[in-house]
Amino acid sequence: MARITASVYTSHVPAIGAAIDQGRTQEEYWRPLFAGYQRSRRWLTEHTPDVVILVFNDHATAFSLDLIPTFAIATAAEFQPADEGWGPRPVPPIAGHPELGAHIAQSVIQSDFDLAVVNKMDVDHGLTVPLSLMCGQPARWPFRVIPFAVNVVHYPVPSGRRCFELGQAIRRAVESFDEPLNVQIWGTGGMSHQLQGPRAGLINKEWDARFIDRLIADPAGLSRLPHIDYVREAGSEAIELVMWLVARGAMADVAGGSPPTVVHRFYHVPASNTAVGHLILQESSP
Ligand code: DHB
Ligand code: FE
């Protein structure tokens, strides 16, 4: 049986990817940010999964106003880094897991979540920046990845509650896959985040800290937060944080098991216009 052993949460600011690709991680501006991920990288080398279900949002790269899937699971064998206007990031292709992906699609759709199934997709910074932050610059990524896209870019967006319930359905799907795979689920995006308009650059440290506190200790309560609270308190793109609730919903305690262990927690301002938040939760008996 496959098992979810940990969840990872991280912002995916594109400028972080550029800093890595251009060899600027030790510059004064960036050093404190990358220092906050050193422990995470060590932890990941000691806890390398077989597969990561990477919950991210496409930023009008693979999708557009032509087609807006609320939830989409990608089942291809390989994904290329997308060209977002400056050429594709110089990172390895991403190996998928078509069998587990197809199984999750079957199980989750039969649990009444209507996923779109994507058989071909280039993946943008929402997916590649978290990989780079957690893995550095390897010649190939050390695990397979199932890209799981959530629409948080174009309204209407799914509620936090729906995302949290989706995570629970993903957990049941993984646990019914008949292969002994070590699976992690990552939630990306956020935190305080307002990219345009008069409030551009808005940072609400207190709100972000409380969000992480509640994500750890009261995820069900947190999942009931209406989307307008994210937008008002932490900026229009803070709504990306509902994707963290997908990952949190997949942890054992939500299904009646033991609470996870907090392996690492980190917060840093600024990166580009936004606050960077990061958390690793590991199952107590992985
Ligand atoms: C920025 C952050 C994002 O998450 C994103 O998708 C685009 C831009 C930023 O802070 O610049
Ligand atoms: Fe984003």
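A polar contact is a pair of N or O atoms within 3.5 Å; within protein, one atom must be able to donate a hydrogen and the other to accept it, and residues adjacent in sequence count only if both atoms are side-chain atoms. The model is predicted: local features need pLDDT of at least 70, side-chain atom pairs count only at pLDDT 80 or more, and totals for chains, interfaces and linings use all residues. Residues are numbered from 1 along each chain, and side-chain values use heavy atoms, without hydrogens and water.

**View 1. Polar contacts of ligand 1.** A polar side-chain atom of Ser272 sits 2.6 Å from an oxygen atom of ligand 1. For His193, the distance from a polar side-chain atom to a ligand 1 oxygen is 2.9 Å. Thr274 has a side-chain N or O atom 3.5 Å from an oxygen of ligand 1. Alone, ligand 1 exposes 290 Å² (Shrake-Rupley method, 1.4 Å probe). The protein buries 87% of that.

**View 2. The shell around ligand 1.** Residues around ligand 1 (a heavy atom within 4 Å) include Val13, Pro14, Leu195 and Asn273. The shell divides into three nonpolar, seven polar and one charged.

View 3. His59 lies in the loop between strand S2 (51–56) and strand S3 (71–74), and Glu240 in the loop between helix H9 (227–234) and helix H10 (242–249), so the pair ties together parts 181 residues apart in sequence. Helices (H or I, at least four residues) and strands (E, at least two) are DSSP runs, numbered from the N terminus.

How values were computed. Chains are lettered from A and ligands numbered from 1 in the order in which they are written. Ala, Val, Leu, Ile, Met, Phe, Trp, Tyr, Cys and Pro count as nonpolar, Asp, Glu, Lys and Arg as charged, and the others, Gly among them, as polar.
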